[in-house]
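User: Hi! Could you walk me through some local features of this model?

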Amino acid sequence: MLSRKFAIKAKRAASGIRRYLRAESGATAVELGLVGAPFFYLLCGILEVAAMCVTTVMLDHGVMEATRRIRTLEFQKNGGTAAAFKQLICDSTFDTLDCASSLSVDVKTFDDFDDANTGTPMLNGELDKDQLMFDPGAAGSIVVAKVYYEWDIVTPYFDNLWANAGSGTRLLESAAAFRNEP
């Protein structure tokens, strides 16, 4: 009698295990568990790239607006400084950038457009802020204004791919070259 009860219970257990193995109701949850983590990780990376692109466009707009004041000599007549130039850029970007610590400006004058240096002053893989100058020039001067923004990369492991200015930092650049009005 005992062996018969045991056989019935074993048969029920085996049929329950077979039903569990055939069931597909949890397959979606398992697939989401396998695919979800890499998907959301890449989604975060894509969103960060999009944020960098938006920041670059805003930086370009800020440089365009600020250099217009240099080009028309309005900035020089008001005794503009590098800090005032940075503030003009930040005002044009609706104060969305961290201007105090991440924004650097380099405004230089040249005798000829061929002499204009458009390279980025780097030292040991980082922006060399000692080479940055601020000279908006006078009437008729050829001016190259370069603005650098240091973006801290947030997405883990992507800093190895995107960093170009030190550990975990992407250097975003915007520049304008023009001749001041006479």
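User: Happy to have you here; which residues form the negative surface patch?

Analyst: First, a note on the model: it is predicted, so local features need pLDDT of at least 70 and side-chain atom pairs count only at pLDDT 80 or more, while totals for chains, interfaces and linings use all residues. Residues are numbered from 1 along each chain as its sequence is written, and side-chain values use heavy atoms, leaving out hydrogens and water. Patch members have over 30% relative accessible area and no salt bridge, with like charges joined within 9 Å, and Asp and Glu count as negative. The negative patch is formed by Asp111, Asp112, Asp114 and Asp115.

User: Which residues is Phe113 in contact with, leaving aside its neighbours within four places in sequence?

Analyst: Phe113 also has its place in the loop between β1 and β2, and at 40% relative accessibility it counts as partly exposed. Its C-alpha is 6.9 Å from that of Ile142, although the two are 29 residues apart in sequence. Taking contact as heavy atoms within 4.5 Å, the partners of Phe113 are Ile142, Ala177, Phe178 and Arg179.

User: What is the phi of Tyr157?

Analyst: Most residues other than glycine have a negative phi. Tyr157 lies in the loop between β4 (142–152) and α6 (159–162) and is exposed, with a relative accessible area of 65%. Its phi is positive although it is not a glycine, at about 70°.

User: What N to O distance goes with the salt bridge of Glu65 and Arg68?

Analyst: A salt bridge here is a side-chain nitrogen of Lys or Arg within 4 Å of a carboxyl oxygen of Asp or Glu. Glu65 and Arg68 both belong to helix α2 (residues 27–71), three residues apart, about one turn of the helix. Their side chains meet with an N to O distance of 3.6 Å.

Terms used:
Patch = residues over 30% accessible without salt bridge, like charges linked within 9 Å, V, L, I, M, F, W, Y side chains within 5 Å. Areas by Shrake-Rupley, 256 points an atom, 1.4 Å probe, with all protein chains shown as cover. Charge placed at Lys NZ, Arg CZ, Asp CG, Glu CD. Helix = DSSP H or I, 4+ residues; strand = E, 2+ residues; numbered from the N terminus. Buried < 20%, exposed > 50% of the residue type's maximum accessible area, 1.4 Å probe, protein only.
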